[in-house]
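Dear colleague,

Please find below the structure that I am handing over to you.

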Amino acid sequence: MIVHLHFRKNYFILLFISLLLFSFNLSAQLSVTDTVAKTEPAIKVSGYVDAYYAYYTDSVGDNKDQQFPSISPRSKTFGLNTAMITAQYDGEKTRGIVSLHFGDIARSAWSPVFNPIMEAHAGIRLCSKLWIDAGFFRTHFGTEGLLPKENICSSVSVNTFYEPYYESGVRLNYNPCEKLALYFYALNGYNMYEDNNHKKSFGMLANYTMADDKGSFGYSNYIGDDSPTGDTISHLRIHQNLFFNYQYKKMKIQVGGDFCYQKNSFSYISKKPGMMGSGVMSFKYQCCKSSSVYTRGEIFQDPSGFMSTRFIDWEGNVTGYKLWGTTVGVEYKPTENSYLRAEVREISMDQWQKIFYTNGKDVSTRTELLINMGISF
């Protein structure tokens, strides 16, 4: 009897130990599974190709870039705007991206320093809603993006042409709530990878996403003095941008405006500040399942000539570019990630700003035809 009770006691002890070990093992497995689910990094590789044919009435010569070159810059030729490959890494506490590009955008609109790099930066999570990233970035500034797939039109407006395309430095990314994203930048300078004067510049971007993700609006700025080393006159620049994007059913709207102030910029002999104002509005309507029509209006006024080119008018006044532009086009999208577009655009300068050359004459207007085909994957 004593032996039997002793056996039963040992049996329950062994059963308890077995259950304890099973529970510990199950808990460990769940813990590992949960940790893997939280920390397993995601690596994504993507690509984008955009090819074009363009015709411009401005006669700049064979295989030469048109004025305001960025998208489809060469006339009467087939070309490649970009062949881009991107690798993106997203982990729980770290992230990074490397994007390389080749083509006419890289050649005509990008930095000659580190030219193949569109962007490359690494990031670390400081807390649940705050990240720090450092490296080469695409610009945080402006209403339109640079790539045709990012915009309603294939071409970019003149004010986008004069905005920065790329930048290098450090970025803080803070998301106080799901709809609001804040970015703060410390940069080498305006549209440059390498510093030219050891003075740092600063910028910010605030973007708010509307309910049901139908649109967004925001504000971006840039503050810095990019005067070359040895220049004794400060050229502090404060560039500001407001933008609004909205999409509802078959309609899409993109609106934005820039205002730029620069110290000591009115002319070579005057220390008056310079000011620039510009605006762009694009509208797209999906007329059937795969086809859309679109239009855009743009204005760029640089009376001080510090961002564009200075002229002396017939009254002896120093001034810069003053222009208006209109674009109309059609788009066919066989799939969500592809497009075929044809658009016509006209740029009109002030009548005495004859910066274009057509049929043997200096003229103040230019007409262009762009046909673009692109796919992202």
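**Pockets**

The lining of the second largest pocket consists of six nonpolar, 11 polar and 11 charged residues. Please bear in mind that this is a predicted model. The volume of the second largest pocket is about 580 Å³. Its lining comprises 28 residues, and those closest to the centre are Lys-252, Lys-284, Glu-331, Lys-333 and Glu-336. At least two lining residues come from each of strand 11, strand 12 (274-286), strand 13 (291-301), strand 17 (338-349) and strand 20.

The largest pocket has a volume of about 1100 Å³. It is lined by 33 residues, with Thr-139, Thr-143, Gly-145, Glu-150 and Leu-205 nearest its centre. Among the elements that give two or more residues to this lining are strand 4 (117-127), strand 5 (130-138) and strand 11 (251-262). Strand 10 provides the largest share, four residues. By class, the lining of the largest pocket holds 12 nonpolar, 13 polar and eight charged residues.

**Aromatic pairs and charges over rings**

There are 15 aromatic pairs in the structure. One of them, formed by Tyr-162 and Phe-300, is stacked, with 5.0 Å centre to centre and 20° between the planes. Tyr-162 lies in the loop between helix 3 (158-161) and strand 6, and Phe-300 in strand 13, so this pair ties together parts that are 138 residues apart in sequence. Tyr-162 has a relative accessibility of 15% and therefore counts as buried; Phe-300 is also buried, at 0%.

The pair of Tyr-190 and Tyr-222, in turn, is edge-to-face, with 4.9 Å centre to centre and 75° between the planes. Because Tyr-190 lies in the loop between strand 7 and strand 8 and Tyr-222 in strand 9 (residues 215-225), the pair ties together parts 32 residues apart in sequence. Tyr-190 and Tyr-222 are both buried. The charged end of Arg-237 sits over the ring of Tyr-190, 4.5 Å from its centre.

Two further items belong here. Phe-68, Phe-161, Tyr-162, Phe-300 and Tyr-321 form one aromatic cluster. Arg-341 lies over the face of Tyr-339, 4.4 Å from the ring centre.

**Leu-369**

Leu-369 is part of strand 20 (residues 365-376). With a relative accessible area of 30%, Leu-369 is partly exposed. Apart from its neighbours within four places in sequence, Leu-369 is in contact with Tyr-53, Ala-54, Tyr-55, Glu-343 and Val-344. Leu-369 and Ala-54 are 315 residues apart in sequence, yet 5.6 Å apart in space, C-alpha to C-alpha.

Yours sincerely

Notes: Residues numbered from 1 in each chain as written. Predicted model: local features only at pLDDT ≥ 70, side-chain atom pairs only at ≥ 80, totals over all residues. Heavy atoms only, no water. Buried < 20%, exposed > 50% of the residue type's maximum accessible area, 1.4 Å probe, protein only. Contact = heavy atoms within 4.5 Å. 1 Å grid on protein atoms, 1.4 Å probe; cavity = no way out; pocket = protein on both sides within 12 Å on 5 of 7 lines; lining within 4 Å. Points joined across faces, edges and corners; volume = space filled by probe spheres on them. Nonpolar A, V, L, I, M, F, W, Y, C, P; charged D, E, K, R; others polar. Phe/Tyr/Trp six-rings, centres within 6.5 Å; stacked < 30°, edge-to-face > 60°. Lys NZ or Arg CZ within 6 Å of the ring centre and 35° of its normal.
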